[in-house]
Amino acid sequence: MNMIVCIKQVIDPEAPPASFKIDAAGNKVVPPQGVSPVIDPYAEYGVEAALKVKDAQGGKVTAVSLGTNQLRDIVKKPLAMGADELILLEDEAFDGGDSWSTAYALAMAIKKIGEYDIIFCGREASDWNAGQVGSGIAEILGLPSVTLVKKIEPAGGKAKLERVTDEGYEVLEVSLPCLITVSNEIGEPRYPTIKGIMGAKKKEPVVWKPADIGVEASQIGAGGRHTKLQKLFQPVREGKCEMVEGESPEEAGANLAAKLREVKVL
Amino acid sequence: MAENKGVLIFCETKEGKLAVIATELLGCGRKLADDLGQELSAVLVGSGVSELAKEATACGADKVYVVDDAQLKDYQTDAYLAVMEKVIGQAVPQILLLGQTSIGRDLAPALAFRLKTAAALGCLELAIDPSSKKLLQTKPVYGGNALAVFTTDSFPQIATVRAKTMTPLEPDPSRKGEVVKVEAGLDPSAIRAKVLEKVPEKVEGIKLEDADVVVCGGRGIGSTEGFAQLEELAKMLKGAVGATRPPCDNEWVAAGAQIGLTGKIVAPELYIAIALSGSSQHMSGCSGSKTIVAINKDPEANIFREARFGLVGDWKKALPAFTEKLKELLAS
């Protein structure tokens with residue numbers, strides 16, 4: 001089973017909300033000082049999904065990451081978790097993209113890798129929350145796609161999948177090769193082992209430039225966008241919380257109940 | 001090629017009726033179509049959905065495209081994608097709206113890429129730019145830490161809209177509209193991902209999305225037993241229990257209880273937030289609540305910036321007293 005997982009480096013989404021700053025003039029997010037970037041947590045579920053398949057029936061897992069200034073210690077995490085290869089699409093030209101430019105570059109990189117049975121993506125990325133790159137790669141490569149997957153059992157050129165829906169879940173059968181976006185219900189991503197970390201240290205990622213995957217500047221990064229970001233801003237919070245107090249937490253609890261009754265919320 | 005014109009709404013159905021999200025989209029679409037001075041169309045895809053065209057018309061559509069075929073009973077990406085490509089080829093809309101549901105978030109991006117246009121998922125606001133006449137698509141990004149406004153140069157401009165952000169029109173059964181039947185013309189072998197079985201989530205009591213009162217617990221609840229206390233309060237208030245991501249990941253509650261950007265979206269009358277910090281990603285799922293009440297031991301917790309009433313203290317001590325007092329007050 002040949003598997004490819006698309007990952008990316010992002011600003012830590014768990015960083016305190018107060019550290020989140022926008023450069024309004026540039027319509028950009030300012031990376032918070034002193035907070036290390038991370039592998040996108042949504043993509044980590046994709047890595048975990050691929051490794052679960054590898055655990056069950058063996059195979060090769062290749063992680064692909066697109067971006068600039070990718071810190072090696074960060075983007076090597078899939079290797080430390082158990083992936084076999086890491087390919088970085090790294091060039092200024094990949095910068096400033098949207099779902100289209102990103103999906104296109106990743107699709108072309110996947111084409112160059114050539115052999116694959118399942119491509120895994122996060123359900124969305126924690127920065128732009130676009131939720132489209134997976135479906136986009138599938139369309140560009142002409143593959144079937146199943147989104148929000150929580151369980152995968154490949155067998156005989158097909159895979160049985162469970163997909164999370166608003167009503168519960170559904171069981172699907174898909175022909176391989178296919179693209180899957182993974183939901184957090186797949187289970188917590190594993191921690192890298194010491195052995196994994198040591199192995200990842202020794203392994204150098206393969207770096208591909210636009211020319212390596214046969215794409216031009218007009219197709220990727222800012223040049224390949226299909227959308228325009230008109231404005232980026234932080235919503236204003238009203239912040240007029242009335243605090244209910246008491247001599248003890250118990251008394252405060254009772255006072256809160258009385259307050260809600262008094263203002264007819266209940 | 002025909003010029004792109006009008007607004008098209010992809011209407012989901014539920015239990016033989018238009019889904020609530022479809023009526024919300026029609027309400028929003030009506031306004032956008034009026035602002036453009038163009039038509040509002042709806043599309044119904046499914047099996048046995050023809051009867052619902054009347055409902056869509058009553059909710060604001062000028063024209064309803066109906067694709068009624070036994071093969072479309074369940075949502076399957078390849079089938080719906082092919083059908084929607086066909087309908088869009090016929091309707092040639094400027095704007096296509098879908099709900100941010102497990103169907104819409106699957107179909108919209110695939111359709112956008114197939115039609116070589118773009119989509120914005122999970123929009124909270126849609127408006128027509130007065131000068132460019134483009135669709136301004138406002139959606140949360142960075143887990144709700146920021147809002148972004150996007151535009152698309154190509155047609156159709158596709159957006160999915162989050163539940164409970166738009167207001168349906170009062171249905172008017174006397175409204176007249178045109179109904180256009182479209183043949184599905186499906187090739188069964190082109191359906192590469194097939195649905196074998198649907199497993200509904202078991203819900204005891206009131207569904208989270210429909211509850212007027214939601215009692216939500218965070219990481220600080222700490223255990224399944226802790227959630228039992230929240231359950232007791234919810235039951236008393238005829239509400240439902242929700243959770244942030246950590247309790248779901250730790251299996252203190254069912255995964256279906258998760259509220260937030262990646263979970264369910266609720267907008268109850270009363271939202272009681274207990275031992276949760278109020279991260280942006282969580283607030284994305286409950287910020288439409290009418291009144292938020294928070295109990296948290298950290299006075300600096302973000303939830304107090306969102307709440308109307310707050311209590312700083314240990315929930316383990318405050319909650320039983322709160323529940324007890326409420327029981328007494330509600331009985332009197």
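User: Hey, at what angle do α5(B) and helix α9 of chain B pack, and how far apart are their axes?
Analyst: In this predicted model, α5(B) and α9(B), which covers residues 315–331, pack at an angle of about 20° with their axes 11 Å apart. Angles under 35 degrees count as roughly parallel, so α5(B) is roughly parallel to α9(B).

User: Nice. Is the crossing left-handed or right-handed?
Analyst: The crossing of α5(B) and α9(B) is left-handed.

User: And which residues make the contact?
Analyst: From α5(B) there are B:Q229, B:E232, B:L233 and B:M236, and α9(B) brings B:L319, B:T323, B:L326 and B:K327.

User: Let's look at B:M236. Where is it found?
Analyst: B:M236 belongs to helix α5 of chain B, residues 224–236. Leaving out residues up to four places away in sequence, B:M236 touches B:T323, B:L326 and B:K327.

User: Why is B:M236 counted as partly exposed?
Analyst: Because B:M236 has 14 other C-beta atoms within 10 Å, and buried would take 20 or more, exposed 12 or fewer.

User: Switching to chain A: how many helices and strands?
Analyst: Chain A has seven helices and 15 strands. Its C-alpha trace spans about 65 × 45 × 40 Å along the principal axes.

User: What share of chain A is buried?
Analyst: Of its 266 residues, 48% count as buried. As for contacts in chain A between residues at least 6 apart in sequence, 71% join residues at least 24 apart.

Key:
Residues numbered from 1 in each chain as written. Chains lettered and ligands numbered in written order. Predicted model: local features only at pLDDT ≥ 70, side-chain atom pairs only at ≥ 80, totals over all residues. Helix = DSSP H or I, 4+ residues; strand = E, 2+ residues; numbered from the N terminus. Contact = placed C-beta atoms within 7 Å. Axes fitted to C-alpha atoms, helices over the stretch in contact; angles between N-to-C directions. Parallel < 35°, antiparallel > 145°, perpendicular 65-115°, else oblique. Left-handed = near helix turned anticlockwise from the far one by under 90°.
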